[in-house]
Amino acid sequence: MCAHVLVAEDDEMQAELIRRSLLAEGHTATVVHDGRAALDAVRRAAPDLVVLDLMLPVIDGFGVCRVIRREADIPVVMLTARSDEDDVLLGLELGADDYMTKPYSPRELMARIRTVLRRSGRGAASDRREDPVVRAAGLAVDPVRHEVRCDGAPVECTPAEFEILTAMVAEPERVFSRRQLLEVTRGTDRASTERAVDVHIMNLRRKIEADPRRPARLLTVFGVGYKLSGGRG
């Protein structure tokens, strides 16, 4: 059962942990860090499920859930740091399908997501959902088989390179800072530094760019970090 899940969580480390857990389950994931961006992503991408933190900036999770329920029939799993029963009940009254109180186990969250997807009938019908491969900018990343292809040709990647590509292909045109990419590689390269991220990018360019000195896919955004240029597909 593969689905496109929107993760709305302002804690970047928590969001990345959820994203990686979803990819390991064969899902695709989009991550946003505030309520307005969450609503924009719901309207633009029509995800199969939303993982929604209550304490989002700009528009809180209650407000986001209220709008989602008014505009779309998308399952919502709420995350809350509050154990107050009134907050939980309000979230359920607004239409949340399930909730979890922080701290939580990623494994339990994935089990809850599977249950909500199965109950809603989402994540199993279309060819897109049966295919775990994420595609953008001529790249295809398969998080289940741990394979990468560039313009159809296989690409051999180190574990850290694979994690970086997985993150960037899932969100083409998003600018990732070196620190964000460093967090992406923490599970495979704990001794890595922000300088090591530059080395990983340089090595990836040798593998996926026609001319690594003039990259067309993996671009530097000066003073910020890197982005993958090119739409999905």
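Predicted model: local features only at pLDDT ≥ 70, side-chain atom pairs only at ≥ 80, totals over all residues.
**Exercise 1.** Work out how helix α1 and helix α7 are oriented to each other, and which residues meet.

*Solution.* 
- Step 1: Find the two helices. Helix α1 covers residues 12-24, and α7 covers residues 159-170.
- Step 2: Look at the axes. They come within 12 Å and cross at roughly 95°.
- Step 3: Compare with the range. An angle from 65 to 115 degrees counts as roughly perpendicular, so α1 and α7 are roughly perpendicular to each other.
- Step 4: List the partners. From α1 come R19, R20 and L23, and they meet E163, T166 and A167 of α7. The residues of this contact divide into two nonpolar, one polar and three charged.

**Exercise 2.** Describe α1 from end to end: its start, its span, its buried residues and what follows it.

*Solution.* 
- Step 1: Begin at the N-terminal end. D11 caps α1 here, with a side-chain oxygen 3.0 Å from the backbone nitrogen of M13.
- Step 2: Check the span. The 13 residues of α1 reach 18 Å from the first C-alpha to the last, close to the 18 Å expected at 1.5 Å a residue.
- Step 3: Pick out the buried residues. A15, E16, I18, R19, S21, L22 and L23 are buried in α1. To think about such a pattern, remember that an α-helix has 3.6 residues a turn, so residues three or four places apart point the same way.
- Step 4: Step past the end. G26 follows α1 and has a positive phi, near 95°.

**Exercise 3.** Two alanines, A46 and A137, have a positive phi. Where does each lie, and is each buried, partly exposed or exposed?

*Solution.* 
- Step 1: Recall the background. Most residues other than glycine have a negative phi.
- Step 2: Take A46. Its phi is about 45°, and A46 lies in the loop between α2 (35-45) and β3 (49-53). A46 has 46% relative accessibility, so it counts as partly exposed.
- Step 3: Take A137. Its phi is about 55°, and A137 sits in the loop between β6 (134-136) and β7 (139-142). Buried means under 20% relative accessible area; A137 has 13%, so A137 is buried.

How values were computed. Residues numbered from 1 in each chain as written. Heavy atoms only, no water. Helix = DSSP H or I, 4+ residues; strand = E, 2+ residues; numbered from the N terminus. Expected span 1.5 Å × (residues − 1). Buried < 20%, exposed > 50% of the residue type's maximum accessible area, 1.4 Å probe, protein only. Polar contact = N/O pair within 3.5 Å; in protein donor to acceptor, adjacent residues only side chain to side chain. Axes fitted to C-alpha atoms, helices over the stretch in contact; angles between N-to-C directions. Parallel < 35°, antiparallel > 145°, perpendicular 65-115°, else oblique. Contact = heavy atoms within 4.5 Å. Nonpolar A, V, L, I, M, F, W, Y, C, P; charged D, E, K, R; others polar.
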